[in-house]
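Please follow this account with the sequence and the coordinates at hand. It begins at the ligand and then turns to the surrounding architecture.

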Amino acid sequence: MTDTSQPTTASITVGDSELDLEVLPATIGSPGVDVSKVRASLNAVTYDPGFANTAGTRSAVTYIDGGAGTLRHRGYAIEDLAEKCTFLEVSYLLLFGELPTREELDNWTTSVRSHTLLSEEMKRFFDAFPRSAHPMAILSSATNAISTFYEAYYDPKSADAFYQSAVRLIAKMPTIAAWAYKKSVSQPYMYPRNDLTYIESFLNMMFGLPVEDAKVDPVVARALNVLLILHADHGQNCSTATVRFVGSSDANLFASVAAGMNALWGPLHGGANQAVVEMLSEIHDDPDMTMEKAIERAKDRDDPFRLMGFGHRVYKNFDPRAQILKRFADDVLSRVGIDDPLLEIAKQLEAAALEDEYFVSRNLYPNVDFYSGIIFRALGFPTRMFTVLFAIGRLPGWIANWKEMHDDPATRIARPRQIYEGPILRDYLPITER
Ligand code: SDX
């Protein structure tokens, strides 16, 4: 089913030469103008720094309408998935394209549950890090490290190797995350528990001890389930594009995902949830850093300060995930009995920004990171674990995009061109003459 209102013809003129271009239809949203023959035909390259206007692939995983604030995974609205599904169910949908039947979900859950343990040698790997190590550094390193136990599954062309790698990544990521946290607080590593759900087992590994299990509040488990679903995929964002790029060289899935984790860590991307809480805490704790000052600094082009959690490369309307999280935050904090002053500051900051011409004229709205950190904090996670939680959520999205890239020969060994601006040719000068 294609949107018949989409244009079907395009052309480009460079100097005296004109080239007709094929228009690739989208089922919904923007069609693509195929410029793959421009360089060979017109001896020119197209220029789109940051690829904000360029599709590097065709995809059927996630649809985002930035103007309408719409987000759908395999055609299903994020609001439905967040309210009605489990995270493993949404992971199955992203990886295999369909919501699972009861039998498929049970088999998938059993597969994941069978691979949650890390090899015992990995304990020495975690022991090697300083207690102060940022958990995102541990997460990406450990993701590469566990791949050394699964070289049998490196082949990107094998469907079985893909499945075995995908299951192990989704199964083991909570264990790696929890062990990174336990390392930071000098507590014993906890083992996963197959008598608990995926989320409950993760919470027990995080907050339990060998001497007593964590008391997993169903409200907390439900909240974390929703949070992971809201982070599960988001089109060709920076980290997902990184996973595709690295995977396009036929690097294995573990190495590709580890690269995506490093991209996600940046404060302009997934690291923003940590930066938001640090910003709100600074406003709360520092009498000189008022809300008004934060907004004025964010508007000052000469000040690198940004209103973290605001703005988006795609959304020029509300990020639907932020909408869900804003409604969710009140419920979660009241249900777990936490009165976090940062939530009130966040709401006031949002209200002030949305009345400010600078933000309104630039369509800057809260994104997924603006409220997620406050909820993660209410669930008991330390600030430096927030991006790790984002990574656990985004994992099925990265894996689904990696698989889709491998299924499309056109996207193999990504290699963008450039506009060269350097010196044309210079004679070598021996160092004695420089
Ligand atoms: C994520 O791509 C994805 O899908 C990412 C993500 C996902 O699920 O994978 O959604 C997750 O990364 C969310 C974004 C988290 N990052 C932050 O919250 C960091 C703060 N936000 C910004 O740094 C910024 O908004 C970006 C990086 C997210 C987007 O930057 P852009 O593309 O430059 O934003 P823009 O083009 O819309 O900016 C237009 C103007 C610019 O000013 P002018 O040149 O017009 O004067 O708005 C300004 C920007 O400088 N601006 C901000 C701002 N964000 C943009 N000014 C103050 N505070 C901000 N937060």
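In this predicted model, a polar side-chain atom of histidine 234 is placed 2.5 Å from an oxygen atom of the ligand. Arginine 313 likewise brings a polar side-chain atom to 2.5 Å from a ligand oxygen atom, and for arginine 301 the corresponding distance to an oxygen atom of the ligand is 2.9 Å. The ligand, taken alone, exposes 1,100 Å², of which the protein buries 82%.

The ligand has 25 residues around it, and those that come nearest are His234, Arg306, His312, Arg313 and Arg321. Sorted by class, this shell comprises 10 nonpolar, seven polar and eight charged residues.

A separate element to consider is helix α3, which spans residues 87–96. Nine of its 10 residues are buried, so the helix is largely enclosed by the rest of the structure. The buried positions are Phe87, Leu88, Glu89, Val90, Ser91, Tyr92, Leu93, Leu94 and Leu95. After α3 comes glycine 97, with a positive phi near 90°.

The sheet remains to be described. Strands of a sheet pair through backbone hydrogen bonds, in either a parallel or an antiparallel sense. Here three strands, in the order β4-β5-β6, form an open sheet with antiparallel pairing. Strands β4 (62–65) and β6 (76–77) stand at the edges with a single partner strand each, so one side of each has no neighbour in the sheet. Between β5, residues 70–73, and β6, the antiparallel pairing extends over two bridges. Arginine 72 has alanine 77 in β6 as its bridge partner.

How values were computed:
Residues are numbered from 1 along each chain as its sequence is written. This is a predicted model: local features need pLDDT of at least 70, side-chain atom pairs count only at pLDDT 80 or more; totals for chains, interfaces and linings use all residues. Side-chain values use heavy atoms; hydrogens and water are left out. Buried means under 20% relative accessible area, exposed over 50%, partly exposed in between (1.4 Å probe, protein chains only). Helices (H or I, at least four residues) and strands (E, at least two) are DSSP runs, numbered from the N terminus. A residue is near a molecule or strand if one of its heavy atoms lies within 4 Å of it. A polar contact is a pair of N or O atoms within 3.5 Å; within protein, one must be able to donate a hydrogen and the other to accept it, and residues adjacent in sequence count only if both atoms are side-chain atoms. Accessible areas come from the Shrake-Rupley method with a 1.4 Å probe; for residues, only the protein chains shown count as cover. Ala, Val, Leu, Ile, Met, Phe, Trp, Tyr, Cys and Pro count as nonpolar, Asp, Glu, Lys and Arg as charged, and the others, Gly among them, as polar. Two strands pair if DSSP finds at least two bridges between them.
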